[in-house]
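Visitor: Hi, I'm new to this one. Could you walk me through it?
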Amino acid sequence: MREKYQQLVIAYQNSVYTLALRIMGNQAEAEDVSQETFLKLWQNIDTIEAERARYWLLRVARNACLDKLRQRRQRQDAVADSGNASDDDAWLDINVDNSVNSNVENNAGSRALEPVSYTHLTLP
């Protein structure tokens, strides 16, 4: 079980991280999404077929990104509805619909596309 997990992490960590980075637009959130994705992999390792692992991982990562973008939008809407937006809340002025395209352009050729290794995780 542990060996299967490690093989899948090594094989797909770059793909998962790159997808998350392109959707989320920053390294910290991409790392969070990647970590959540590989935690779900560990929790479901017995049910995942190796042939479908890439599809499964990218789908989980995509869904985690969409959940985070929805949460971001809800925070943005809550601040707008309260009418108490301050300069500190200016970072919430994010156009979620266009975030994927602009984030890819902003990160093109940057160090941000370097992969994060998850092979060091301690497994239960």
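Visitor: How many aromatic pairs are there?
Guide: The count comes to one aromatic pair. To pair, rings of Phe, Tyr and Trp (its six-membered ring) need centres within 6.5 Å; planes under 30 degrees apart are stacked, over 60 edge-to-face, and the rest tilted. Keep in mind that this is a predicted model: local features need pLDDT of at least 70, side-chain atom pairs count only at pLDDT 80 or more, and totals for chains, interfaces and linings use all residues. Residues are numbered from 1 along each chain as its sequence is written, and side-chain values use heavy atoms, leaving out hydrogens and water.

Visitor: Which residues form that aromatic pair, and how are the rings set?
Guide: Tyr 5 and Trp 42, edge-to-face, at 5.2 Å centre to centre with 85° between the planes. Tyr 5 sits in helix H1 (residues 2-24) and Trp 42 in helix H2 (residues 27-43), so the pair ties together parts 37 residues apart in sequence. Helices here are DSSP runs (H or I, at least four residues), numbered from the N terminus.

Visitor: Is Tyr 5 buried or exposed? 
Guide: Buried, at 3% relative accessibility. Buried means under 20% relative accessible area, exposed over 50%, and partly exposed in between, with a 1.4 Å probe and protein chains only. Trp 42 is buried too, at 15%.

Visitor: Switching topic: how many salt bridges are there?
Guide: Three, where a salt bridge is a side-chain nitrogen of Lys or Arg within 4 Å of a carboxyl oxygen of Asp or Glu. One of them joins Glu 29 and Arg 72, with the closest N and O atoms 2.4 Å apart. That pair links distant parts of the chain, Glu 29 being in helix H2 and Arg 72 in helix H3, 43 residues apart.

Visitor: Are Glu 29 and Arg 72 buried or exposed?
Guide: Glu 29 counts as buried at 18% relative accessibility, and Arg 72 counts as buried at 5%.

Visitor: What does Glu 36 form a salt bridge with?
Guide: Lys 68, with the closest N and O atoms 3.4 Å apart. Glu 36 lies in helix H2 and Lys 68 in helix H3, so this pair ties together parts 32 residues apart in sequence. Glu 36 is partly exposed at 32% relative accessibility, while Lys 68 is buried at 18%.

Visitor: And which residue does Arg 70 bridge to?
Guide: Asp 67, the closest N and O atoms being 2.8 Å apart. They are three residues apart in helix H3, so about one helical turn separates them.

Technical notes:
Helix = DSSP H or I, 4+ residues; strand = E, 2+ residues; numbered from the N terminus.
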